[in-house]
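Trainee: Could we walk through this one together, starting with how its helices pack?

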Amino acid sequence: MSASARIDLHTHSTASDGTLGPADLVRAAGDAGLDVVALTDHDTTAGWADAVAALPRGLTLIRGAELSCRWFGVEPAIPLHLLAYLFDPDEPELVAELARVRRAREERGERIVRLLQADGIRVSWSEILAGAAGGTVGRPHIAQALIRAGLVATTTEAFGPDWLGERYRLPKDDIDVFRAVALVRAAGGVPVFAHPKASRRGRIVPDDLIAQLAAVGLAGLEADHEEHSPAEREHVRRLAAELGLLVTGSSDFHGTHKTVRLGAFTTGPEAYERIVGLARGVTPVASG
């Protein structure tokens, strides 16, 4: 891999809560000048096949997912996200766990809609499901319904405390993070902690927890991310160096749900090669 390669290892399509279909996403990645892009939809591999089929010339696809996890070492438990790269999508235990989490997401979404409706807010669960187009339902889909109803102007406003950020926020049934690391490794995948110090999102886990995860198979930390401050990025880099973990950077692209662009943050070729070298599930897909 060239030292100048542009590698974005965290993106979302309509298979979860992005606004571009998997095929359009990989085409957009090629147009953005990326050499490698990872498709990491929430708790699903549903977009993989379409992304592979549409892969433009010169672009390499890393198949992955972003797992909804929780650390139960404190009360209340802290939610966190684990990026899983190049795992076997047919490994039975992981398949079953991802299906359970997707069901939980959908049940939570329907409960949130009922809370909104009870307060006289006119949103339709059937329309939200239709908007998800078969993808994993998340709060961004409900945010779009609030925007269509003229109740908020942007996704950011919808995620504010008056709406989905607090008043109408409900917990979902995530995967214990230690179990998630073990499942990803057992499926031949490479687990990387997504935006681990993004304090603007809410509570963050202590460094001790990250050290414990590193001891049981966590491979890396995502440092360069739009929701990390410069100080948080530097903290992540120091911690990764101490623990011998690889460091990634990525856009966490969601299309029009966020303003960040593909390739806004990137991963160095050495970290990318380490991920590929550790993987035992599936291989990167390159288009001539």
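Mentor: Axes here are lines fitted to C-alpha atoms, for helices over the stretch in contact, and angles run from 0 to 180 degrees between N-to-C directions. The model is predicted, so local features need pLDDT of at least 70, side-chain atom pairs count only at pLDDT 80 or more, and totals for chains, interfaces and linings use all residues. Residues are numbered from 1 along each chain as its sequence is written, and side-chain values use heavy atoms, with hydrogens and water left out.

Trainee: Are α3 and α5 roughly parallel or roughly antiparallel?

Mentor: Helices are DSSP runs (H or I, at least four residues), numbered from the N terminus. The axes of α3 (residues 92–118) and α5 (residues 139–148) come within 10 Å and cross at roughly 30 degrees. Angles under 35 degrees count as roughly parallel, over 145 as roughly antiparallel, 65 to 115 as roughly perpendicular and the rest as oblique. That makes the pair α3 and α5 roughly parallel.

Trainee: How are α4 and α5 oriented to each other?

Mentor: The axes of α4 (residues 125–132) and α5 come within 9 Å. Their crossing angle is roughly 120 degrees. Therefore α4 and α5 are oblique.

Trainee: Is Asp224 buried or exposed?

Mentor: Buried means under 20% relative accessible area, exposed over 50%, partly exposed in between (1.4 Å probe, protein chains only). Asp224 has 16% relative accessibility, so Asp224 counts as buried.

Terms used. Helix = DSSP H or I, 4+ residues; strand = E, 2+ residues; numbered from the N terminus.
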